[in-house]
Amino acid sequence: MLGATTYPRPSSFFCNNFQSPNSNPKSSVQQQISLKCRCRVVGSLPDHSEGAKVEYNPWLIAGLGNPGNKYHGTRHNVGFEMIDCIARAEGIRLNTIQSKALFGIGSFGKVPILLVKPQAYMNFVGESIGSLAAYYQVPLRHILLIYDEMSLPNGVLRLSPKGGHGHHNGVKSVISHLDGCRDFPRLCIGVGNPPGKMDLRAFLLQKFSLVEREQVDVALEQGVEAVRTVVLKGFDASISRFNLAQKYKFHKV
């Protein structure tokens, strides 16, 4: 059973990321205020914006899925799996419970990130994400949603700066709790379409075949680096190249 820990206030969140172990707390707060006053541009800037000061606004990176062991490894839970992969790669512990979500705080370089796994069922995940985004003052452009996508072949990834819900109930819930706003980034993980007349829900709650599992595992590894790139550089030319490479990754020459 998950044990809840005391979660930090937003000011502590920033202080923890910018305060060194031996620094004076008062000077750390002054540094925080100074940093926020000086910087007014997106924290993830493309390379061509040399000379711009970077605002280290936090990113909320949320993977969608259903809680519980019976859903582990199913197609509908690949968003959870991506969060777990990022957490392992960056050494971030998912050990805090708040707003019906399990999450951990860490960073990509100097950019703070919150890795989030909502613990409500898929149709209600927006409640957690909307609440956490408001609490930690995360800009809409820094909410990265990660979820399964049937319109993409299994194991194919796609990054986009905004979009619709694509009939995904989890995404619908998030949009609803962001006041109908759709202009937030997404990382879609392809799971393919159900064969024949198979029920959509049954397909999504089914585990991957061995071949599909191998494809998804490779995609998850590639996704970690893609998420890191978006957070640190934004949607620059490298993301366009990434999407193009993903589109044709299984095409035979």
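A search through the whole structure turns up three aromatic pairs. Here, rings of Phe, Tyr and Trp (its six-membered ring) pair if their centres lie within 6.5 Å; planes under 30 degrees apart are called stacked, those over 60 edge-to-face, and the rest tilted. The model is a predicted one, so to speak of local features takes a pLDDT of at least 70 and side-chain atom pairs count only at pLDDT 80 or more, while totals for chains, interfaces and linings use all residues. Residues are numbered from 1 along each chain as its sequence is written, and side-chain values use heavy atoms, with hydrogens and water left out.

Take Tyr 71 and Tyr 121: their ring centres are 6.2 Å apart and their planes are at 75°, so this pair is edge-to-face. It links distant parts of the chain, 50 residues apart, with Tyr 71 in the loop between strand 1 (59–63) and helix 3 (78–90) and Tyr 121 in the loop between strand 4 (111–118) and helix 4 (125–135). Helices (H or I, at least four residues) and strands (E, at least two) are DSSP runs, numbered from the N terminus. Tyr 71 counts as buried at 12% relative accessibility, whereas Tyr 121, at 46%, counts as partly exposed. As for the cut-offs, buried means under 20% relative accessible area, exposed over 50%, and partly exposed in between (1.4 Å probe, protein chains only).

Phe 103 and Tyr 136 make another edge-to-face pair, because their centres are 6.0 Å apart and their planes at 70°. This pair also links distant parts of the chain: Phe 103 is in strand 3 (residues 101–108) and Tyr 136 in the loop between helix 4 and strand 5 (143–149), 33 residues apart. Phe 103 is buried, at 0% relative accessible area, and Tyr 136 is buried with a value of 0%. Ring pairs also bring in Tyr 135, giving a cluster of Phe 103, Tyr 135 and Tyr 136.

Some rings have a charge over them, which here takes NZ of Lys or CZ of Arg within 6 Å of the ring centre and within 35 degrees of the ring normal. Lys 117 lies over the face of Phe 80, 5.1 Å from the ring centre. Likewise, Arg 186 has its charged end over the ring of Phe 184, at 4.2 Å from the centre.

Now for the chain as a whole. It has eight helices and seven strands, and 48% of its 253 residues count as buried. Leaving out residues up to four places away in sequence, Ile 146 touches, among others, Ile 61, Met 82, Ile 86, Leu 187 and Val 227, where contact means heavy atoms within 4.5 Å.

Gln 137, in the loop between helix 4 and strand 5, has a phi near 55°, a positive value in a residue other than glycine. Asp 179, in the loop between helix 5 (169–177) and strand 7 (186–190), has a positive phi too, near 60°. Gln 137 counts as partly exposed at 48% relative accessibility, while Asp 179 is exposed, with a relative accessible area of 74%.
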